[in-house]
Amino acid sequence: MSMAPNMYTDRIAKLVQLSRERHVFSFTRFDWVDDISESDWWVSPELLTIYGTPYYEQASEQQRKLLSKWECINLFSLNVTGEQELIAGVAELLHTPLLKEANDYLHHFIDEENQHMWYFAKFCENYAGKIYGNKKLQLTELKLDPRLAVLVRFAQIFIFEEVGHYYNLKIALDERVHPFIREINEAHRNDESRHITFGRALLARLADGITTDYAPEVLQQVSTHLRKYVQVTIESLYNPAMYRDAGFASGMAVRSALLSDRNRQEFHSRELLKKVLALLADTHLLKEETSFEPAYQS
Ligand SMILES: [Fe+2]
Ligand SMILES: [Fe+2]
């Protein structure tokens with residue numbers, strides 16, 4: 001997959017225009033409800049990490065709903081920590097020559113993420129009294145030239161955003177979910193669809209020609225790194241703390257069992273990661289010959 005330079009600049013110009021036309025001021029935008037009940041759905045039951053496993057079958061509706069609260073808090077907390085990391089990473093890249101054409105858009109990107117981070121954090125504090133910490137496994141630093149370093153950074157952002165987007169879309173449309181939670185998901189998905197369009201364009205543009213510009217060993221390193229990043233992203237959805245908060249006896253045991261569950265693995269590779277893996281393979285950032293085989297350590 002490649003993208004001609006003029007297509008790339010046109011697409012970015014369009015995104016800048018949309019960000020300006022659809023700009024919202026999130027700080028005064030929402031009517032924050034006083035309380036959200038634990039007998040409400042906070043995420044769709046089918047999106048629970050226990051879905052398709054014996055844990056789901058054995059849980060009562062009340063237990064599923066309680067878990068949906070903590071899964072929602074986990075998803076929103078992941079947004080908070082992920083967006084914080086993203087803003088820092090993108091801010092560092094402002095004004096780099098390699099991203100000259102994207103520079104205006106990067107400012108909108110940061111502006112929008114800053115607002116998201118604010119409302120996700122406020123939501124977690126208001127309705128759960130906490131934000132889950134995200135102990136991100138420190139991935140070994142790669143020694144890469146500026147172009148590959150930018151590619152890896154935006155590939156990571158793309159992975160993070162596509163996975164979040166999957167949940168936002170489904171929850172925004174689900175009438176069973178509490179309306180305020182749907183509204184937050186809807187607000188986020190509107191901005192994120194532009195970020196993802198940008199990510200796709202940027203990756204396609206900058207990755208154009210990498211198979212001739214770099215040695216296979218270098219690209220293998222990038223591929224291995226991104227595969228680990230995908231794995232860490234998936235694992236972060238299975239936060240042991242949320243199982244504990246939902247009343248499961250051992251959060252770690254639940255997490256391990258779920259990560260090695262066949263149905264869950266199929267959901268990851270066939271559904272949740274489908275678009276991510278396709279784009280990363282198309283742009284040669286992930287080696288195509290090896291299919292994604294999650295090797296979860298429990
Ligand atoms: Fe966001
Ligand atoms: Fe985003």
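Which residues have the most contacts inside the largest nonpolar core? They are Phe123, Phe154, Tyr167 and Phe198, and the views below start with them. This is a predicted model, in which local features need pLDDT of at least 70, side-chain atom pairs count only at pLDDT 80 or more, and totals for chains, interfaces and linings use all residues. Residues are numbered from 1 along each chain as its sequence is written, chains are lettered from A and ligands numbered from 1 in the order in which they are written, and side-chain values use heavy atoms, leaving out hydrogens and water.

**View 1. The largest nonpolar core has 97 residues.** A nonpolar core is a set of buried Ala, Val, Leu, Ile, Met, Phe, Trp, Tyr and Cys residues joined through side-chain atoms within 4.5 Å. Buried means under 20% relative accessible area, exposed over 50%, and partly exposed in between (1.4 Å probe, protein chains only). Helix H5 (residues 146-173) gives the most to this core, with 14 residues; helices are DSSP runs (H or I, at least four residues), numbered from the N terminus. Beyond its neighbours within four places in sequence, Phe198 touches several residues, including Ile12, Leu15, Tyr105 and Phe154 (contact means heavy atoms within 4.5 Å).

**View 2. Five residues hold the iron ion (ligand 1).** Its protein donors are Glu83 (OE), Glu113 (OE), His116 (ND1), His188 (NE2) and Glu192 (OE), 2.2 to 2.3 Å away. Donors are N, O and S atoms within 2.8 Å of the metal (3.2 Å for Na, K and Ca), and sites may look incomplete because water is not among the atoms. Glu113 also coordinates the iron ion (ligand 2), which is 3.5 Å from ligand 1. Glu83 lies in helix H3 (residues 61-93) and Glu113 in helix H4 (residues 103-128), so the pair ties together parts 30 residues apart in sequence. Glu83 is buried at 1% relative accessible area, and Glu113 is buried at 0%.

View 3. Rings of Phe, Tyr and Trp (its six-membered ring) pair if their centres lie within 6.5 Å; planes under 30 degrees apart are stacked, over 60 edge-to-face, and the rest tilted. Tyr51 is partly exposed at 35%, while Tyr56 is buried at 10%.

**View 4. Tyr166 and Phe267 also form an edge-to-face pair.** Their centres are 5.8 Å apart and their planes 70 degrees apart. This pair links Tyr166 in helix H5 with Phe267 in helix H11 (residues 262-272), 101 residues apart.

Methods: Helices (H or I, at least four residues) and strands (E, at least two) are DSSP runs, numbered from the N terminus.
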